[in-house]
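Trainee: Could you walk me through this one? I'd like to start with the charged side chains.

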Amino acid sequence: MVVGPPGSGKSTFAKRMQAILKHPTHHLDDYLWDVRWQQVDFPVYLDTQRAIVAEETWIIEGTHFLTIDIRLKKADVLCILDLPTSLTLISFFSRAIRRAFGETASLPRAVREDENYRWRPKWDHPVLKTILNFRYHVMPGILDHPDKNPMSSVIVLKSRRQIEWLLGDLSRDVG
């Protein structure tokens, strides 16, 4: 299970883990967002996550705190990307700029495949608030969550160097 603030590199990290571990990888934004950035029905979103965690192996990336209990109950390993806020903000705004110039690979699947999608500037206050408050408000709620699997390993990665070290270590163990 991979969590972190927007712009921390969760999707990239999960894809790289998938390449090493060969586990099915799921990006929560692909299940939450439909065309035109409309959220799917919440019960459908819940059922989708329950079905995924019932699988034998999986990598799920996305924090989505309202449904985190579903994943926390079943996760063997919880990777928290807790990079410096300044780096996360730079990555978040860099992604927004790339999207403004036509990049779509980082969009949720339904939005990416929507032929009517057009980038529009939008001030996303809740997302920025999550980035700024992750370390002091969101992360403690995850670590102390009553539904967290008591047997899960928790790995907090605080830098790109630590991420590279962990991925290299996984490659050596699996390869």
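**Salt bridges**

Trainee: What relative accessible area does R16 have?

Mentor: R16 comes out at 35%, so this residue counts as partly exposed. Buried means under 20% relative accessible area, exposed means over 50%, and partly exposed is in between (1.4 Å probe, protein chains only). Keep in mind that this is a predicted model, where local features need pLDDT of at least 70, side-chain atom pairs count only at pLDDT 80 or more, and totals for chains, interfaces and linings use all residues. Residues are numbered from 1 along each chain as its sequence is written, and side-chain values use heavy atoms, with hydrogens and water left out.

Trainee: Got it. Which side chain meets R16 in a salt bridge?

Mentor: That would be E164, with 2.6 Å from N to O. A salt bridge here is a side-chain nitrogen of Lys or Arg within 4 Å of a carboxyl oxygen of Asp or Glu.

Trainee: Where do E164 and R16 lie?

Mentor: E164 is in helix α8 and R16 is in helix α1, so their pairing ties together parts 148 residues apart in sequence. Helices (H or I, at least four residues) and strands (E, at least two) are DSSP runs, numbered from the N terminus. E164 is partly exposed because its relative accessibility is 42%.

Trainee: How many salt bridges are there by this rule?

Mentor: The count comes to six. One of them joins D30 and R109, whose closest N and O atoms are 3.4 Å apart. This pair links distant parts of the chain, with D30 in helix α2 (residues 28-32) and R109 in helix α6 (residues 109-113), 79 residues apart.

Trainee: Is D30 buried or exposed?

Mentor: Buried, because its relative accessible area is 15%. R109, at 34%, counts as partly exposed.

Trainee: What about K158, which partner does it have at 2.7 Å?

Mentor: K158 forms a salt bridge with D82, and 2.7 Å separates the closest N and O atoms. K158 sits in the loop between β7 and α8, while D82 sits in the loop between β6 and α5 (85-100), so the pair ties together parts that are 76 residues apart in sequence. K158 is partly exposed at 42%, whereas D82 is buried at 2%.

Trainee: Which residues share partners in one network?

Mentor: D82, R135 and K158 are joined that way by salt bridges.

Trainee: New topic! Where is V156?

Mentor: Look at strand β7, residues 153-157. V156 has 31% relative accessibility, so it counts as partly exposed.
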